[in-house]
Amino acid sequence: MKVQGKMFIWLSLFVLIMAGVYGVWSKEPAGTTALFLAFGLCIMIGYYLAFTARRADTGAQDNKEADVADDAGEVGFFSPHSWQPLSLAVGGALAFLAVAMGWWLLYFSAPIILFGLWGWVFEYYRGENQNQ
């Protein structure tokens, strides 16, 4: 994780310099603001990765003499399948459509979003995935 943290910190410095150059040359506030916000996002991610790397064990990517096989093993637990993201996507699409068409559409999107969130949270408390 140390390598990724350093990469994001260097990327944030590059984006900061480019934001300054872009702001001086173009005098366009929207793009300059977007670049400064990108700098903020990069520095947050870089700081988090660097901070976490100090507390976590050294990974194979931090060892210069590591083989590819050294990084093998279990990465984590991932859900095999789930229908809940589909209901969240439909509810989110309706909610964003409510901004353009009318706020009355939120009355239809809110129950769909709440149903999707409820199903996603309690997905492993019932049904075939109960014991995972």
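**Figure 1. The start of helix 2.** At the start of helix 2, the backbone nitrogen of A30 has a side-chain oxygen of E28 within 3.5 Å. The model shown here and in the other views is predicted. E28 also takes part through its backbone: the backbone oxygen of E28 lies 2.7 Å from a polar atom of the T32 side chain. T32 itself belongs to helix 2. T32 has a relative accessible area of 13%, so this residue is buried; the cut-off for buried is under 20%. Which residues touch T32, leaving aside its neighbours within four places in sequence? They are A19, Y22, G23 and S26.

**Figure 2. Helix 2 from end to end.** Helix 2 covers residues 29-55.

**Figure 3. The buried residues of helix 2.** Which residues of helix 2 are buried? The list runs G31, T32, C42, G46, L49, T52 and A53. Helix 1, residues 2-26, is included in what covers them. T32 gives a close view of such contacts. Its partners A19, Y22, G23 and S26 are counted without residues up to four places away in sequence.

Figure 4. The structure holds four aromatic pairs. One of them joins Y47 and F51. The ring centres of Y47 and F51 are 5.8 Å apart, with 25° between the planes. This pair counts as stacked, because planes under 30 degrees apart fall in that class. Why are Y47 and F51 separated by about one helical turn? They are four residues apart in helix 2. Is Y47 buried or exposed? Y47 is exposed, with a relative accessible area of 52%. F51 is partly exposed, at 28% relative accessibility.

Figure 5. W118 and F122 form a tilted pair. Their ring centres are 5.8 Å apart and their planes meet at 50°. W118 is partly exposed, at 46% relative accessibility. F122 is partly exposed as well, at 36%. Which residues do ring pairs link into a cluster? The cluster consists of W118, F122 and Y125.

Figure 6. Helix 4 runs over residues 106-121. Its 16 residues should span 22 Å at 1.5 Å a residue. The end C-alpha atoms are 22 Å apart, which agrees. The buried residues of helix 4 are S109, G116 and G119. They cover an arc of only 100° around the axis, so they sit on the same side of helix 4. Which residues are exposed on the other side of helix 4? Y107, L114 and V121 are exposed there. What covers the buried residues of helix 4 includes helix 3.

**Figure 7. Q84 of helix 3.** Helix 3 covers residues 84-101, and Q84 lies in it. Q84 is buried, with a relative accessible area of 14%. Its contacts include G116 and G119, which are among the buried residues of helix 4. Q84 also touches F115 and W120. These contacts leave out residues up to four places away in sequence.

**Figure 8. I112 of helix 4.** I112 is found in helix 4. At 28% relative accessibility, I112 is partly exposed. Which residues does I112 touch, not counting residues up to four places away in sequence? Its contacts are S87, G91 and L94. I112 and L94 are 18 residues apart along the chain, and their C-alpha atoms are separated by 9.2 Å.

How values were computed. Residues numbered from 1 in each chain as written. Predicted model: local features only at pLDDT ≥ 70, side-chain atom pairs only at ≥ 80, totals over all residues. Heavy atoms only, no water. Helix = DSSP H or I, 4+ residues; strand = E, 2+ residues; numbered from the N terminus. Buried < 20%, exposed > 50% of the residue type's maximum accessible area, 1.4 Å probe, protein only. Contact = heavy atoms within 4.5 Å. Phe/Tyr/Trp six-rings, centres within 6.5 Å; stacked < 30°, edge-to-face > 60°. Polar contact = N/O pair within 3.5 Å; in protein donor to acceptor, adjacent residues only side chain to side chain. Expected span 1.5 Å × (residues − 1). Arc of directions from axis to C-beta.
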